[in-house]
Amino acid sequence: MMIPKILYQSLLQKKEHPESMTPAEIFDLDLTAAVQLLQDGMPLKDTLDALKELSPMASRTDGDAQAMSYYLDKVLDRVNLEQRSHSANAYDLATESYKAQVVAYASQFQHYAPEDFGLFEEGHVALSLMRKDGFSPEIVEAVIKKQSVRAKNDSTYLSAVMNATKDCLDAYRQIDAIDPSTPVETAQEAYRLFAKNYATRTNTIIFSAQDEQAILQELADAMLQQYKNRAPVAVTVETQKRYDADIEAQIKPFLESALKASPVSLEAGRDRDQYISALLLEFSSDYETKRNLSSKRYPLTKAMYLEKSQTYHDRLNLYDSLHEDSFYDAQIAKELLQEKQGPANIVRAITENSAVAHSYIPEHAQKGSSEYQEGLHQAEQYAKETLEMAKKSLHAEKAILSYEPKQELPKTASYQQLKSLGITPRDLYLSCMQEGIKNKPSFILELSEPATDRDIVEKICYRYPDVPRPLLRDAIMEASPRVFLPGAPYNYVDRLFDQVDARLQKVAERHARENQDMKTLKTMRGLASRGAQIQASEIGTYKDGRIAMKLLRQGRDEEDITRFLLTMARSDNRENPHHYAVEVMGRAKKSVEREEKIRTYQKPAEPLETPSFYHAYLMRMQNLYEQKGFVQSESDVEAITDILLKEGKTFRKADLQNGIAQYSPIAVEPGRDEKYAQYVTKESERRIKEAEDTLAHYLVILRPDAGTAEDEYAYQMTRLKDATILPYSEEMDEKIGQALLQKYPEETVEEAMTKKSLLKDTQPSYGKYLLSRIHKKEKQRKEQQEADKNISQALQRSLRKDHPDDVES
């Protein structure tokens, strides 16, 4: 059996400055000693006596037995959690875990291999070994130094991995240490408080970027509650915009400051500033979508509706004002002139049939009376004026049709350049009119429409923004067919300019939104790795897919997303950009659809007649989705691990892998391939094996101040159940029973297990049944021990007999 004093000496020799160890370093030293002594078979009492005598903490407590006892209780409390990482073969276990995690990580993505590993991937594994598995930094560094190809050839690489991972671990320790009952004073402390709450609620040990996004959202939601009293009472588009801007100005700086406490931002191979920028950008995008879809936004939607409705009514009123009956009389007169009807007949037709002309004759006037004759005279004057207007308008139309441009207008030149060529604003107007006729034959029928002048003016102002408005106004007043017709107000051209400016402004705003969208998407793509310096070039497909899925969840048009992917594929010089965009979009869409099936899954009302992987998988994934609001590769591993533990005999490995490929939203993400399903099953099997190894070495350590056997059994059962992912088993009850028998009478242990065990209903008298198993196994152990002793002694005697001189010497 291991000698405690020699063990302590060997452990202290590994410390650089054993005489100046911190309390945390001493605790780790004592924990290592406790684990290794207990694993070697030393009884708990003897182990405690050795720690009291040899621990450097003994001198720090100044002989205070109560303080030392409290300290050792804390050490023993960590024994089962740290038994793998602090065991004598911790290096071998860490090496085994490192190799498995490297292969597993590379298996998650398409065109990815361990050879592609860089700082980020190596840091990911190092963090898992230290934070999840509990291995010391010294052991992890030794493992990476020997196993990593890059670390063997580059000492600075190894230092970079370890330094960043230690900083990351320190950030996690600060989260673990935050006291919820102590008032927080900074954004970083607020982050740690919310992060700790999130980690506890979701059982998360290492955060992903998605986890931190969820934490940010919870922080922001809490802040919004503080600002809800600032919301405008009377909602208009402008008041709501000011409120939104005010809120964003308050929230974003706070979240940016809070992220300085982020452990993820400190991971090896991750650019901290890029990571924080990426998270803030994603938060803004998600926040805007969530805000716009909220029913609380109805007052703004209503205000926007009413504002736009009024705009359209104003346009309709303007159209009506420009298309009075007198306008139509003039248009008809124009057509009659073109069809060679006599002017006198046209005047008579208008006088006798026009509603406007009839309005000049009082309804009560008798035919032939002076009042009637006066009205008829005015009606004839109206008809004659209308005909004259029609003639002028027709003359203007013919001038357009017969115009011979001096030269074809250059579309990229400025007006000043055109002016130097002798082109006037009138030339611009007439040339643009002729362009319209060439592009659209029926345009010739619309030359007198106000909308035609508006479109021509818009073309001129957009193409040649430096054209002088006064000169253009004069040209239109001279050449426009519409100017000469009834209904054209005195400020007709100025109103055209106002309409054009408003339309061009709306176009500019739309282009600005589209450009900003594209700029944001490009920024998102640039930050899609969230600052991670990933080596594999094909990881770009995964990044594009991540953006596509986010946009789909936000309700963006598929055409817009595909166009963005096509733009990015072309900028990357991909061989077949269109095929790439369609492929990424198709997989992204399928992933989001599968995620939606998980979110909306409904458990069957009646028990299934035959086992179904579909229901087993979706039920578990929905539970995980509800915890965090998203699913990721870790969710698949957790779900499959649980299926293997509880329904492992029901499904074959091929069933599991086929099911993952068929139902997992992660399996079809762009950038994944068929290796992903293999990764999930292998990683699940690895975790189960680790849990089984941990259980095999689990030590039930009774509390010094334990009460009744029943209370202590309930306490130890809860601790053991919480310490493993394995379903509760008779083996676990045996471990607890063996420990209880060392302190309590057999009948009280039997009674406690019969009353409290989770398995009490599996046997008529469960406590009695289990104790008989314990005694039987103990008897077998002693018999085997005795047999081993006899064989060993027999071998020793044979050695003495064959080599007496060697044995004596």
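I started with helix 34, residues 746-756, where the buried residues are V749, A752 and M753. I then looked down the axis of helix 34: its buried residues fall within an arc of 95°, so they line one face of the helix. The general rule is that an α-helix has 3.6 residues a turn, so residues three or four places apart point the same way. I keep in mind that this is a predicted model.

Next I checked the cysteines. How many disulfides does the count give? It comes to zero disulfides. I looked at C432, which is in no disulfide; the nearest cysteine sulfur belongs to C461, 10 Å away. The cut-off I need here is 2.5 Å between the two sulfur atoms.

I also looked up cover for both residues. Is C432 buried or exposed? C432 is buried, at a relative accessible area of 0%. C461 is buried as well, with a relative accessible area of 8%. I note that 8% counts as buried because the limit is under 20%.

Last, I went to the surface. I found a nonpolar patch formed by L401, I444 and L445. Together these residues have about 290 Å² of accessible area. Where does I444 sit? I444 is in the loop between helix 21 (425-439) and helix 22 (450-463). Its relative accessibility is 34%, so I log I444 as partly exposed.

Technical notes: Residues numbered from 1 in each chain as written. Predicted model: local features only at pLDDT ≥ 70, side-chain atom pairs only at ≥ 80, totals over all residues. Heavy atoms only, no water. Buried < 20%, exposed > 50% of the residue type's maximum accessible area, 1.4 Å probe, protein only. Helix = DSSP H or I, 4+ residues; strand = E, 2+ residues; numbered from the N terminus. Arc of directions from axis to C-beta. Patch = residues over 30% accessible without salt bridge, like charges linked within 9 Å, V, L, I, M, F, W, Y side chains within 5 Å. Areas by Shrake-Rupley, 256 points an atom, 1.4 Å probe, with all protein chains shown as cover. Salt bridge = Lys/Arg side-chain N within 4 Å of Asp/Glu carboxyl O.
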